[in-house]
Amino acid sequence: MHKHHSALGLATALRPVQPVTLLRPHAAARAARFFVEKFPGRPLYAVKANPSPDLLPILWENGVTHYDVASIAEVRLVRSILPESTLCFMHPVKAFEAIEEAYFEHGVRTFSLDSIEELDKIVAATKGAEDLTLCVRMRVSSDHSKLSLASKFGVELTEAKELLQRTRQAADALGICFHVGSQAMSPQAYVQAMDKVRAAIVQAAVTVDVIDVGGGFPSIYPDMEPPAMEAYFHAIHKAFESLPVSYSSELWCEPGRALCAEYASLLVRVERRRGDELYINDGAYGALFDAAHVGWRFPVKLLREPESDVRDIGFSFYGPTCDDMDRMAGPFNLPADVQPGDYIEIGMLGAYGCAMRTGFNGFTAGERVEMDDEPMATMYVIDDEPATAVPSNVITL
Ligand SMILES: Cc1ncc(COP(=O)(O)O)c(C=O)c1O
């Protein structure tokens, strides 16, 4: 793969016709090392955020040994690329055959569940295995997060007692997991969830071996500047220390977005301008699903030499397909003189963006190139400073 030093240089030298995915392996490596060194427990990478075969070895080489997989295809993928890794199947509703294959063919021993039916299914599919780590997923609030995960999965506190007690009997190790929703903007999200976990443990009076605080760790986007990552780690550590769990119990987390958001950005070309609407060559069916469907605003930069000195205005984007729905409302702030033929870099697309790309309407992914410049923003500055409660290491957009 080619290595480039700047998106501007790439755009002016190559003038690519198709969108180009810009990969920053050093940014993913830095995020992985940060979690491995500073999270007060074990980070599991949530593969769904970006299952790229280029990315998985980077995380592995930087100390991420455990992977949260949520489909049998993800199990097979990670097992084939990282044969030594530990896989945890953290989808609470799985096909019987997927559990069976994961357990017997791929060595998966950790599964999540949020119902008695799923517990029975796991026990049957593993033929009553006695070496299972079973994590009961609790429903917690998504109030502090930008994308809710509070409806679909998770047992309510009022129904957790029986499920925890039954799971305890079937499991070698019992875990409790939750997800506070993606892009959690405050560490309080985890503190409140841990309060619920405490209540569940007390009510069921069971010994718990694993507390898994899930994903939700944030990245930086326009108008979404979270506190520093250490503030999350500190709050989680404090809450974990106060839980009624045994001295040997483990703390896990499942970051997706936080480990890969900075890994990739996208170089697009403007094909047409209509007022403040730009028709670009990638969109809702490409890497911009979240921009289109949940109104996510990604950072943008006009790549033109000499730089435009015209003031910024807000633009919306249309993607390349024929659908009206292929529209990203933004606003995306760019110099008011953007023209067809200009190139734009759209940043912070390593999480979910690249993973959700389709080939709809014939618009497929273009080239992938490696960059050695910095992403548009970073949550990670690795230095020798001891972690404090609220360090100011966030580089803003
Ligand atoms: C079970 C589970 N864990 C982890 C994640 C990763 O979440 P995030 O990308 O917000 O860190 C998800 C995302 O949907 C999830 O469903």
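The model is predicted. Arg304 is placed in the loop that joins strand S15 (300–303) to strand S16 (312–318). Arg304 counts as partly exposed because it has 18 C-beta neighbours inside 10 Å, whereas the buried class requires 20 or more. Arg304 and Arg79 are 225 residues apart along the chain, and their C-alpha atoms are separated by 43 Å.

The UniProt annotation "modified residue: N6-(pyridoxal phosphate)lysine", from an unreviewed entry, covers Lys48. Lys48 is buried, because 20 other C-beta atoms lie within 10 Å. Leaving aside residues up to four places away in sequence, Lys48 touches Ala70, Glu74, Gly256 and Ala355.

| Residue | C-beta atoms within 10 Å | Class |
|---|---|---|
| Arg304 | 18 C-beta neighbours | partly exposed |
| Lys48 | 20 other C-beta atoms | buried |

Glu74, one of the contacts of Lys48, is also among the buried residues of helix H4 (residues 72–81), which are Ile72, Glu74, Val75 and Val78. Viewed down the axis of H4, these buried residues fall within an arc of 155°, so they line one face of the helix. An α-helix has 3.6 residues a turn, so residues three or four places apart point the same way. Ala73 and Ser80, on the other side of H4, are exposed. The cover over the buried residues of H4 includes helix H3 (55–61), strand S4 (66–69), strand S5 (86–89) and helix H5 (96–106).

Conventions:
Residues numbered from 1 in each chain as written. Predicted model: local features only at pLDDT ≥ 70, side-chain atom pairs only at ≥ 80, totals over all residues. Buried ≥ 20, exposed ≤ 12 C-beta atoms within 10 Å, placed from the backbone. Helix = DSSP H or I, 4+ residues; strand = E, 2+ residues; numbered from the N terminus. Arc of directions from axis to C-beta. Contact = placed C-beta atoms within 7 Å. UniProt positions renumbered as here; feature names shortened; annotations may be inferred.
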